[in-house]
Amino acid sequence: MSSAFDDIANAFQPVPAPGPGRTPGKVGMAILLVLWTGLGVLPFVVAVPGLKLATGSIGVPGTLTVVSCEDLGQGRYDCKGAFAPDGGGDAIPVAASPDSTAGDVRRARLTPEGDRAVPTGISGVLAALTMPFLGVGVLGFLPYVLLHVSGARRGRRAAVVLGCLLTLVSLAGVVVGMVAAYS
């Protein structure tokens, strides 16, 4: 039993700093920075279709009525709904957002594929902005890392302040988006 505590205590002991040759090198660092940048930009790219739907630039406007939500376990739900287009016609069976509740009725837009309906209005836009705000958080400290890797001394403090501000904005945006998605 005490060896487990010793292992935990040893995990917090200082370790020697990596010496020359133990860092990724210029090529490895460039690859890591490109991957970091890609990871930060990806949420913006993924969010474009959702933002277009939420803002009304694509899709068919109408009303979504959530018919049922099946509990899949571990906090996951599969919700089905009926979408009634504003132009009239029969209701279309669609997949509803998993954060819905059976009986919800809200304004929505039907995707061009016709398989799901996405909430519109302010709550829909805020929910769609959750991923871009996450991307802002990922990219927040990238300027500091670029300055550090390039060996620049000037501007590091400003880059840390910028990184902290962007991280706070990201956190606030993600929280607001999640609250909007679940309200």
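Tutor: Let's start with Thr-130, which counts as buried because its relative accessibility is 10%, and buried means under 20% relative accessible area, with a 1.4 Å probe and protein chains only. A quick word on ground rules: this is a predicted model, where local features need pLDDT of at least 70 and side-chain atom pairs count only at pLDDT 80 or more, while totals for chains, interfaces and linings use all residues. Residues are numbered from 1 along each chain as its sequence is written, and side-chain values use heavy atoms, with hydrogens and water left out.

Back to our spot. Thr-130 sits in helix 4, a helix being a DSSP run of H or I with at least four residues, numbered from the N terminus, while a strand is a run of E with at least two. Setting aside residues up to four places away in sequence, Thr-130 touches Val-174, Gly-177 and Met-178; contact here means heavy atoms within 4.5 Å.

Now zoom out to the helix. Helix 4 covers residues 130-139, and its buried residues are Thr-130, Pro-132 and Gly-135. Those buried residues pack against helix 2 (25-55), helix 3 (121-128) and helix 6 (156-181).

What about the strands? The protein chain has 6 helices and 5 strands, and from the N terminus the order goes α-α-β-β-β-β-β-α-α-α-α. The largest nonpolar core is made of Leu-64, Val-66, Cys-79, Phe-83, Val-94, Ala-96, Ala-108, Leu-110 and Ala-117, 9 residues in total; such a core is a set of buried Ala, Val, Leu, Ile, Met, Phe, Trp, Tyr and Cys residues joined through side-chain atoms within 4.5 Å. At least two residues of this core come from each of strand 1 (60-73), strand 2 (76-85), strand 3 (92-96) and strand 4 (105-110). Val-94, one of the core residues, has contacts beyond its neighbours within four places in sequence, including Leu-64, Cys-79, Phe-83, Leu-110 and Ala-117.

And the whole chain? Buried residues make up 23% of its 183 residues. Its radius of gyration, taken over C-alpha atoms, is 23 Å, whereas a compact globule of 183 residues would come out near 16 Å, using the rule of 2.2 Å times the number of residues to the power 0.38. Along the principal axes, the C-alpha atoms fill a box of roughly 70 × 50 × 25 Å.

Notes
Buried means under 20% relative accessible area, exposed over 50%, partly exposed in between (1.4 Å probe, protein chains only).
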